[in-house]
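Here are a few notes to read alongside the model, written for someone opening it for the first time. Keep the viewer handy and click along.

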Amino acid sequence: MSRARLFVLRLVVLAMVATLVGRLWFLQVVSGAEYVRAAADVRIRTVPVPPVRGQIVDAAGRPLVTNRTRPVVTVDAVALAHQPDGGRAVLERLGEVLDQPYRQIAEKVRLCGPEVAQPCWQGSPYEPIPVAEDVTAQTALQISERQQDFPGVRTELRPVRVYPFGAAAAHTLGYVQGAKGRDGLEGVYDRELAGRAGRRDVAVDNTGQVTRTLRQDPPVPGNTLVTSLDSRIQTIAEQAVAKALTTSGAKSGAAVVMESQTGRLVALAGLPAYDPAVWTDGVTAREYKRLPLLSQAVQGEWAPGSTWKVSSVAAAANAGYGLGALYDCPSGYTVGNRVFRNFASADLGLMTMHGALVESCDTIFYRLADQLWERGSEALEKTARGFGFGKPTGVDLPAEAAGAVPDRAAKKALWRATREESCRRAVKGYPEMADRGRAAYLTAIAKENCRGGGVWRGGDAANFSIGQGGVLVTPLQLARAYAAVANGGTLHSPRVGMKVVRPDGTTVETITPPVAGRLPASAETLRFMRNALSQVPRKGTAEGAFKGFPFGKVAVAGKTGTAESFGHRDTSWFASFAPDPAYTVVVVLSEGGRGAEGAAPAARDIWEGIIGLRERR
């Protein structure tokens, strides 16, 4: 190679090196800060890919909650946010296609946050948000062919929750929102049902737009939850409560069917209810406000009335009162300066505690409570807590109510909390109350509480003994207590879940209701109560409701309850059990009237349905 060519080559190489060095200097020094900012603006976001959720089935394997693949319209919230108007025009056009108002769709796609109230989207903002499900092929085609009009809107096939029995057991089953179980069994067993989510890592720019997918792992399907519910009996209980609401004029009601020996729940009916499918394509604020989300069986609290007397009889036995001794049941019994009366002021004469349960004599229990109060005994309150009242049962359902067992300490605390209001009412009275006699009575009470209250008096004890005066129970609590009377004294923590099963059919976990305690009653006392309660439907207060019932097929025992509710009609109760089938059935009707006329006929309907008589009629 000549010297001239070598010289030119050296110049070219030096020029190239100089150019590279200059470019490197420019990128690192002159434009370095800009590129650092650009790199920082690129983020990796991990979006969960929801798996197919496990089924919920009854004890016989019948699906209570399952999945079905349906065309679903989804909206990308991030894509909407990048529209000049925040996506309003897109949602308005979408509303026209779906025949939904703009506001309804907008509420479904807004993201939850500290300042955002329900309903809102609780999932990831990078996850497609469902706004309509089971759309027609024509609707899906309109959206897919007009993508320029619907940026961020897609129609895809995806599994959605299906509830074959509609509103039946809605509060027990719960619902799913944002791929997560909410409320009921869906919430409590969410980890087992949800499976393992897949993962999709996406790169997003500084505006939040997804630029590419970096990684994708497939999801693992969820397990099946096998429950102790019997869908046949659940349907029977739902129908019985619905019928009772219509015939009695009650506002709401519930029924509990429990296996007495095990604590497993066979049916939990509560009305009013709703179809959980409403959550599938999102709920609007107006819809959310109208949903009856309270589980009457687990969260509803009422005074138990005379169904409470099983606890008072046990307390009497523990305090040394002879169950077979004779007691007078006059029309009224005076405590302090007030006469406490039997129902309809009936004078029933002499009877044992057996008769006190069968005929539901109140005055025997008034006298018992007054005597215990004078002795400073807390046998009634202590025994009630031993029956499991005043605290949650521990059932595998969320937000269970505790009920209330008032006593000296609780009354003192309530007085301190309400004294200011009592003093205000002592001066103002109750001018808004139409019943002037009742208004005068309440004003007198307010004056007394203003001067000095919070004292547990004989009248408080008298009311307590018959399930009034601040006593509150849930239907589930009462069912558990009566199941314990039936099984010999064992209190279980009830369970709906029975086992968790993998998709391949193998068992992951068997769920057994734990023993929560023992009733504070001897075996002899429990036998005495079972014998007395067996006569209530045959010749006692529930005789009319059970006239002609086939006791030879199922020997139902039970107790009626009629609880006063200030300003409302009475609460109607019937608590019952049988040895074979060994179930406990409790029915309550809020504002349903007398227990013998409202709840007892509904309980009979359930028992007849259980043994197959109701279907043949």
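**Notes on a predicted model**

1. Start with Ser572: a polar atom of the Ser572 side chain sits 2.9 Å from the backbone nitrogen of Ala599. A polar contact here is a pair of N or O atoms within 3.5 Å; within protein, one must be able to donate a hydrogen and the other to accept it, and residues adjacent in sequence count only if both atoms are side-chain atoms.

2. Before going on, some ground rules. This is a predicted model, where local features need pLDDT of at least 70, side-chain atom pairs count only at pLDDT 80 or more, and totals for chains, interfaces and linings use all residues. Residues are numbered from 1 along each chain as its sequence is written, and side-chain values use heavy atoms, with hydrogens and water left out.

3. Is Ser572 buried or exposed? Ser572 is buried, at 0% relative accessibility (buried means under 20% relative accessible area, exposed over 50%, partly exposed in between, with a 1.4 Å probe and protein chains only). Ser572 belongs to strand E22 (helices, H or I, at least four residues, and strands, E, at least two, are DSSP runs numbered from the N terminus). Leaving aside residues up to four places away in sequence, Ser572 touches several others, including Val587, Leu589, Arg594 and Ala599 (contact means heavy atoms within 4.5 Å).

4. Next, the two disulfides (pairs of cysteine sulfur atoms within 2.5 Å). One joins Cys329 to Cys361, S to S 2.1 Å. The torsion about their S-S bond is about 115°, so this disulfide is right-handed. Cys329 is in strand E13 and Cys361 in the loop between helix H14 and helix H15, so the pair ties together parts 32 residues apart in sequence. Both Cys329 and Cys361 are buried.

5. The other disulfide links Cys423 and Cys450, with sulfur atoms 2.1 Å apart. Cys423 lies in helix H17 and Cys450 in helix H18, so parts 27 residues apart in sequence are tied together. This link of Cys423 and Cys450 is right-handed too, with 100° about the S-S bond. Cys423 is partly exposed, at 25% relative accessible area.

6. Have a look at the cis peptide bonds as well. Leu271 to Pro272 is cis, with omega near 5°, and Pro272 is in the loop between strand E12 and helix H11. Asp580 to Pro581 is cis, with omega near 0°; Pro581 lies in the loop between strand E22 and strand E23.
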